[in-house]
Amino acid sequence: MAEKNIKNGETFDELVEERDQKLHIPSTLPVLMLRDIVVFPYMIAPLFVGREKSKSAIDHSLSSHRMILLLTQKDMEIEDPKREDVYDVGTVALIMRMLKLPDGRVRILAQGLIRAKVESFESDEPFVQAQVSIIHEPDLKDKTIESEALIRNVRNGLEKATSLGKTVPPEVLIIAANVEEMGRLADLTAANLELKVDEAQKILEIVDAEQRLKRVYELLTKELELLDMQSKISTEAKGEMDKLQRQYFLRQQMKAIQKELGEGTELQEEIKSYQDKLAKLKVGEEVKEELEKQISRLAQMHPESAETAVVRNYLDWMFSIPWDKSTVDNLELRKAKTILDEDHYGLVKIKERILEYLAVRSLSRKIKGPILCFVGPPGVGKTSLGRSIARALGRKFIRISLGGVRDEAEIRGHRRTYVGAMPGRIIQGIRRAGSNNPVFMMDEVDKIGADFRGDPSSALLEVLDPEQNNSFRDHYLGVPFDLSKVMFITTANLLDPIQPAFRDRMEIINLPGYTEEEKLQIALQHLVPKQVKEHALSEKRIIFTQGAIKKIISLYTREAGVRNLEREIASVCRKVARKVAEGKKKLFRITSQNVEGYLGPPRIFKDQVLTKDQVGVATGVAWTATGGEILFVEVTKMKGKGVLSLTGSLGDVMKESAQAALSYARAHAEEYGVSQSFFSENDFHVHIPEGAIPKDGPSAGITIATALISVLTELKVRRDLAMTGEITLRGNVLPVGGIKEKVLAAQRAGVRKMILPLPNKKDLIDIPKKVKKEMEFFFVEEIKDVFKEALIVEPAKMDQG
């Protein structure tokens with residue numbers, strides 16, 4: 001009847017008025033309990049019924065007044081709901097149609113009539129009946145501007161919801177446009193908002209029409225916001241979908257073109273190549289998982305995207321690293337010794353250390369690679385020694401220079417999030433070597449810097465720690481790499497700038513420098529043949545005599561190593577090569593007499609001992625970065641008030657040594673026949689020549705004391721005797737360092753006798769046998785023993801004593 005009236009164009013208000021006049025609602029009604037829907041008045045809803053009690057209620061209703069009370073369950077999972085399981089307020093509905101389905105269920109079409117509240121449940125068998133009270137809406141007052149605006153907003157909202165894609169039947173929009181009562185508009189709108197059960201039930205329970213419509217409008221506004229956002233998302237998704245479809249279409253066209261040209265897909269071939277490499281690679285599970293993950297990512301990417309290039313570059317690095325490639329060590333000790341002797345003359349300690357490692361390596365394959373640090377002045381062959389060790393072991397050789405490096409990423413690499421990221425120098429070196437057990441030399445570790453980008457020295461702690469470097473994790477790779485098989489060798493000129501923790505990781509081996517005899521042999525065996533070959537000469541064109549090389553060593557170079565010596569030999573070879581190129585094809589013999597014609601006058605003043613014994617002049621020795629040198633300590637006295645003057649660019653330690661020597665002399669003046677008034681009546685001046693060169697250290701203590709006592713006693717000091725040692729106020733002589741360099745410097749200068757502290761006697765083991773044969777050593781514990789050997793006591797003064 002309602003459908004018919006709507007079709008005939010009758011207004012909704014007229015339909016309701018006609019219905020209310022004809023219908024009488026009983027006080028007792030059968031109950032149909034609904035699981036997941038709230039039926040509002042004026043709402044027509046299809047309902048499917050399966051429970052037996054519900055079917056009986058429908059049958060009873062159809063056989064009498066066709067009315068039934070629709071109550072919604074609080075929990076839809078309950079199969080046999082009781083009174084407390086349903087809401088108190090429901091809707092009285094009219095059963096318009098009923099259809100029995102093949103599966104035993106019943107389908108009814110019910111139209112909501114009016115709200116009703118359950119007073120009590122009267123019976124439970126064979127169906128539930130309830131005593132109800134009808135909820136009549138309060139009489140509406142005259143419409144206000146606010147209520148009229150609210151009605152219009154709801155109508156506009158429904159139309160807007162329809163435009164945003166919400167499915168609202170056209171007849172609902174027609175009814176909403178014609179209805180004037182707020183309560184009925186609220187129910188109609190709520191029935192089409194697809195509300196949750198609890199929210200719909202709350203609206204059903206609101207009796208006041210205006211309040212109900214306001215609440216419905218709030219929910220409608222929320223729905224409009226959701227629909228608006230949904231529309232935006234759909235539009236964006238559609239645009240992206242169109243773009244992807246276009247790209248897919250173009251890619252398919254490109255594939256077809258490539259297929260016609262016989263080119264194939266480059267990216268797919270590359271992915272297959274990566275997968276084949278991974279199948280052959282012997283790596284740990286973590287590395288394998290990361291590679292599989294990155295290959296899978298690459299397969300899903302567009303070939304032209306920037307990320308594809310990043311992943312491809314990462315995979316290229318990962319597969320180019322020698323994870324499982326090692327070289328076989330040469331474990332023949334004799335062969336290794338021969339190679340080391342071929343490349344370097346001397347350096348006995350280092351060669352022994354390498355042969356010891358090889359010996360243990362031949363007995364045990366599990367030994368970790370040693371971490372050596374060669375410390376010595378420039379030009380002594382630290383870097384070339386590393387290359388020689390690699391050749392002796394049969395390993396690849398890699399060298400990097402760390403001088404001036406300030407960024408931690410140089411060691412550990414950059415993270416892949418950065419543009420242009422790449423692994424650190426360690427992994428780069430391993431890749432260049434092509435094996436996971438090379439000899440890895442890191443030069444200039446004493447010149448590593450540090451700034452706001454990190455401290456590379458601290459980053460190297462992990463690399464050079466045998467307990468940690470078996471799982472070194474480069475930031476770029478992101479997976480562990482085993483560095484325990486690598487033989488690390490570092491070089492430095494000085495130990496002091498190296499961090500203590502960093503120094504502790506390494507085995508320190510000192511290369512103090514070469515003697516003149518060692519330099520001569522190095523020049524004859526290595527430097528001269530090398531420079532002759534590099535200058536396209538031969539033994540038929542040039543010959544160096546030993547005398548010429550000795551003269552170059554002593555008068556043209558002053559160094560601990562042989563770098564300048566090689567330059568001077570190269571200079572001679574260049575001049576000979578020019579003469580040969582000009583047509584003078586004869587044998588050029590380089591001797592001590594004609595070497596000045598090639599190199600010019602001598603550039604170095606050779607240290608020489610004094611020509612005669614003198615009062616107040618003692619010969620000392622000093623250590624320098626280029627080896628050792630002799631120095632003369634001069635002391636003179638003059639009338640004055642006991643002031644001590646010190647000149648010669650002396651450091652604080654050397655000044656304190658001079659003060660200690662004077663204090664000792666004053667304390668023991670009577671033993672040497674000197675009165676105390678002598679000190680108060682005279683000033684003393686201590687000077688060490690070559691004043692432009694800074695000097696410091698405690699080792700000149702006994703030298704200053706000897707020169708001072710010589711002035712006090714007017715006894716001459718032996719000119720052919722040199723000395724070194726620290727003095728105390730009690731007259732004890734303490735040990736000092738750099739003994740080898742000092743002894744060699746004294747020997748070069750022509751000194752034949754030398755005074756050393758007794759604790760330094762052990763250091764003579766490093767002195768070449770030839771030098772020990774040429775020189776006589778005196779070992780002392782007290783300054784008095786120094787005076788006995790250094791001062792010349794004339795017979796007349798002996799008689800006086």
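The structure is a predicted model, in which local features need pLDDT of at least 70 and side-chain atom pairs count only at pLDDT 80 or more, while totals for chains, interfaces and linings use all residues. Residues are numbered from 1 along each chain as its sequence is written, and side-chain values use heavy atoms, with hydrogens and water left out.

Helices (H or I, at least four residues) and strands (E, at least two) are DSSP runs, numbered from the N terminus. Strands of a sheet pair through backbone hydrogen bonds, either parallel or antiparallel. Here, two strands count as paired if DSSP finds at least two bridges between them.

Strand S5 (residues 106-123) takes part in several antiparallel pairings. Strand S2 (residues 44-49) pairs with S5 in the antiparallel sense over six bridges, and Ala45 stands opposite Ala110 in S5. Strand S4 (residues 89-100) is also antiparallel to S5, with eleven bridges between them; the bridge partner of Leu94 is Gln111 in S5. The hairpin of S4 and S5 has five residues between the strands, and Gly104 in this hairpin takes a positive phi near 95 degrees. Strand S6 (residues 129-134) pairs with S5 in the antiparallel sense over six bridges. Phe121 stands opposite Ala130 in S6, and S5 and S6 form a hairpin with five residues between them.

Phe121 also has a charged group over its ring. A charge is taken to sit over a ring if NZ of Lys or CZ of Arg is within 6 Å of the ring centre and within 35 degrees of the ring normal. Arg83 lies over the face of Phe121, at 5.6 Å from the ring centre. In another such arrangement, Arg416 lies over the face of Tyr314, at 4.0 Å from the ring centre.

Phe40 is placed in the loop between strand S1 (28-34) and S2. Residues are called buried under 20% relative accessible area, exposed over 50%, and partly exposed in between (1.4 Å probe, protein chains only). With a relative accessible area of 1%, Phe40 is buried. Phe40 and Thr91 are 51 residues apart in sequence, and their C-alpha atoms are 6.4 Å apart in space.

An open sheet of five strands has the order S8-S9-S12-S7-S13, with parallel pairing. Strand S8 (397-401) and strand S13 (507-510) are its edge strands, and each pairs on one side only. From one strand to the next, the twist averages 20 degrees (axes are lines fitted to C-alpha atoms, for helices over the stretch in contact, and angles run from 0 to 180 degrees between N-to-C directions). Within this order, strand S9 (residues 439-443) and strand S12 (residues 487-492) are joined in the parallel sense over four bridges, and Met442 stands opposite Thr490 in S12.

Asp407 lies in the loop between S8 and helix H15 (409-412). The relative accessible area of Asp407 is 19%, and the residue is buried. A polar atom of the Asp407 side chain lies 3.1 Å from the backbone nitrogen of Ala409. A polar contact is a pair of N or O atoms within 3.5 Å; within protein, one must be able to donate a hydrogen and the other to accept it, and residues adjacent in sequence count only if both atoms are side-chain atoms.

An open sheet of three strands has the order S16-S21-S27, with antiparallel pairing. Strand S16 (614-615) and strand S27 (791-792) stand at the edges with a single partner strand each, so one side of each is left without a neighbour in the sheet. Two bridges join S16 to strand S21 (residues 716-717), and these strands run antiparallel. The bridge partner of Val615 in S21 is Lys716.

Rings of Phe, Tyr and Trp (its six-membered ring) pair if their centres lie within 6.5 Å; planes under 30 degrees apart count as stacked, over 60 as edge-to-face and the rest as tilted. A search of the whole structure finds eight aromatic pairs. Among them, Tyr672 and Phe787 are edge-to-face, 5.8 Å centre to centre and with 80 degrees between the planes. This pair links distant parts of the chain, 115 residues apart: Tyr672 is in the loop between helix H23 (652-667) and helix H24 (677-681), and Phe787 is in helix H28 (residues 783-790). Tyr672 is partly exposed, at 24% relative accessible area, whereas Phe787 is buried at 6%. Phe678, Phe679 and Phe684 form one aromatic cluster.

In H28, the residues Ile783, Val786, Phe787 and Ala790 are buried. Seen down the axis of H28, its buried residues fall within an arc of 100 degrees, so they line one face of the helix. The arc is that of the directions from the helix axis to the C-beta atoms.
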